[in-house]
Amino acid sequence: APNGLKFLRVIDVKEQCLVEAVPGSRYVALSYVWGNIRPVLLQKQNKAQLSMPGSFALIRGDLPRTVADAMTMVSEIGERYLWVDSLCLVQDDHEDKMDGIQKMDLIYQGAALTLVAASGDDANAGLPGSHVGSRHVSQTVEAVKPGVKMTSVSPFYWELSGSKYMTRGWTYVTKAPSVPDHTCSHL
């Protein structure tokens with residue numbers, strides 16, 4: 001688009017490589033915290049290599065757990081493309097990186113959905129629930145009538161309020177939104 005990105009680079013989880021998305025492509029975005037680790041980065045020197053089919057399969061063990069989990073999840077939900085800042089913006093190319101950063105709102109807005117990795121303090125925290133035993137949830141479910149079950153859940157903001165994720169520049173909120181203490185969710 002005239003005011004949009006020059007192009008959108010995404011990870012093709014089927015071909016396991018970096019590609020330029022064609023206009024109208026569906027993709028999933030990942031929002032996460034890098035933390036104190038230094039993740040694998042897209043750089044001028046490895047851009048051609050990461051664009052080769054199968055390249056991400058070769059470096060899978062070097063990827064932060066959150067990114068690897070997101071790639072798996074994208075494939076499991078039947079999507080093909082994943083946008084991850086560290087691997088879709090050339091980190092040592094000022095123009096490429098700044099174009100992406102300045103249009104970050106458009107990247108997330110254009111995603112079919114965004115995976116929010118809000119647990120843990122860094123990119124190795126993973127996505128809870130993506131591995132057996134990696135998610136611990138205490139939830140009361142009540143049958144309100146035959147065939148209808150409900151549960152009480154805390155608002156999403158309150159669940160995130162103490163997380164490292166909420167300290168980042170584009171996720172930081174200074175005041176809690178006006179929401180009730182709990183909302184009901186139909187199961």
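This is a predicted model: local features need pLDDT of at least 70, side-chain atom pairs count only at pLDDT 80 or more; totals for chains, interfaces and linings use all residues.

Colleague: What makes E79 and R26 a salt bridge?

Modeller: The cut-off is a Lys or Arg side-chain nitrogen within 4 Å of an Asp or Glu carboxyl oxygen. For E79 and R26 the N to O value is 2.4 Å, so the pair meets that definition.

Colleague: And what parts does the E79 and R26 pair tie together?

Modeller: E79 lies in the loop between α3 and β4, and R26 in the loop between β2 (17-20) and β3 (28-31), so the pair ties together parts that are 53 residues apart in sequence.

Colleague: Is E79 buried or exposed, and how do you know?

Modeller: Buried means under 20% relative accessible area. E79 comes out at 15% relative accessibility, so it counts as buried.

Colleague: How many salt bridges are there in the whole structure?

Modeller: The search finds seven. One of them joins R80 and D12, at 3.0 Å, N to O. R80 lies in the loop between α3 (65-76) and β4 (81-83), while D12 is in strand β1 (residues 9-12), so parts 68 residues apart in sequence are tied together.

Colleague: Why is R80 called partly exposed?

Modeller: That label covers the range between under 20% and over 50%. R80 has 31% relative accessibility, so it counts as partly exposed. D12, at 3%, counts as buried.

Colleague: Which residues are linked in a network of salt bridges?

Modeller: D12, E15 and R80 are linked that way. Elsewhere, K103 and D99 meet in a salt bridge at 2.9 Å, N to O, and both of those residues are buried.

Colleague: Back to β1: which way do its residues point?

Modeller: R9 and I11 point one way, V10 and D12 the other, and all are buried. In a regular strand, side chains alternate between the two faces of the sheet.

Colleague: How do you know that β1 and β4 pair?

Modeller: Pairing takes at least two bridges. β1 and β4 have two bridges, in the antiparallel sense, so they qualify as a pair. The bridge partner of I11 in β4 is L82.

Colleague: What about β1 and β2?

Modeller: They pair in the antiparallel sense over four bridges, with I11 opposite L18 in β2. The two strands form a hairpin with four residues between them, and Q16 in the turn has a positive phi of about 60 degrees.

Note on methods:
Residues are numbered from 1 along each chain as its sequence is written. Side-chain values use heavy atoms; hydrogens and water are left out. Buried means under 20% relative accessible area, exposed over 50%, partly exposed in between (1.4 Å probe, protein chains only).
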